[in-house]
Amino acid sequence: MARAIIKKSNARLKFLYRKQSFLQQYTRKLLAMSLIQCHFDYASSAWFNSLTQDLKHKLQVTQNRLIRFVLNLHPRSHIGKEEFIKLNWLPVASRVNRIILCHVFKINSKLAPSYLNDHLTPVMNIHEKIQGSG
């Protein structure tokens, strides 16, 4: 899954770089988010944690390339905290954690579909069952 995302992202980014001279920063960001970043997010809560450190690093490198494109930076320029703040983005691992936390919040608040609510049992309920049976 991750290798396919990296391959797809790099191919789309290559296309966008060819059109870069026609695009303003706002448009570059919009295209990057809608054509590439969405693939990083899709079902990432299911597959990201099972990846090797090498694949996680490659995903981050691909996101860094995306940031360089959006901010019109030199291909070898360092991507640090400031660049993420400028774009209001999170690094890949933090993005995945945010997605997972949003899912858990929605499930806990009964805002998620019932099929998700059925698969999460709050720890408090487990402790009540144990104390009630003892």
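Predicted model: local features only at pLDDT ≥ 70, side-chain atom pairs only at ≥ 80, totals over all residues.
**The chain as a whole**

- Walk along the sequence and you get the pattern α-α-α-α-α-α-α-α.
- The radius of gyration is 19 Å, while the globule rule gives 14 Å for 134 residues, so the chain is more spread out than a compact globule.
- If you boxed up the C-alpha atoms along the principal axes, you'd need roughly 70 × 30 × 25 Å.
- As for burial, 33% of the 134 residues count as buried.
- Take the contacts between residues at least 6 apart in sequence: 61% of these join residues at least 24 apart.

**Surface and charge**

**Helix α4 and what comes after**

- Helix α4 runs over residues 53-71, which makes 19 residues.
- From its first C-alpha to its last, α4 reaches 27 Å, close to the 27 Å expected at 1.5 Å a residue.
- Asn72 follows α4 and has a positive phi, near 60°.
- Arg65 is one of the residues in α4, and it's partly exposed because its relative accessible area is 36%, between the 20% and 50% cut-offs.
- Leaving out residues up to four places away in sequence, Arg65 touches Asn10, Leu13 and Tyr17.
- Arg65 and Cys38 are 27 residues apart in sequence, and their C-alpha atoms are 15 Å apart in space.

**The loop between α1 and α2**

- Gln20 lies in the loop that links α1 (2-18) to α2 (25-41).
- Setting aside residues up to four places away, Gln20 touches Arg28, Phe69 and Asn72. Asn72 is the residue with positive phi that follows α4.

- Asp41 is found in helix α2 and counts as partly exposed, at 24% relative accessibility.
- Apart from neighbours within four places in sequence, Asp41 is in contact with Arg95 and Ile99.
- Asp41 and Lys7 are 34 residues apart in sequence and 15 Å apart in space, going C-alpha to C-alpha.
- Ala43 has its place in the loop between α2 and α3 (44-47). Its phi is near 55°, a positive value in a residue other than glycine.
- Ala43 counts as partly exposed, with 34% relative accessibility.
- Ser44 is found in helix α3, and at 0% relative accessibility it counts as buried.
- Which residues is Ser44 in contact with, leaving aside neighbours within four places in sequence? They are Val96 and Ile99; Ile99 is also in contact with Asp41.
- Ser44 and Pro122 are 78 residues apart in sequence, with 23 Å between their C-alpha atoms.

- Phe105 is found in helix α6, which spans residues 92-108.
- Phe105 counts as exposed because its relative accessibility is 54%, and the cut-off for exposed is over 50%.
- Phe105 and Asp54 are 51 residues apart in sequence and 30 Å apart in space, C-alpha to C-alpha.
- Lys110 is exposed, with a relative accessible area of 62%.

Note on methods: Residues numbered from 1 in each chain as written. Heavy atoms only, no water. Helix = DSSP H or I, 4+ residues; strand = E, 2+ residues; numbered from the N terminus. Expected span 1.5 Å × (residues − 1). Rg over C-alpha atoms; globule rule 2.2 N^0.38 Å. Buried < 20%, exposed > 50% of the residue type's maximum accessible area, 1.4 Å probe, protein only. Contact = heavy atoms within 4.5 Å.
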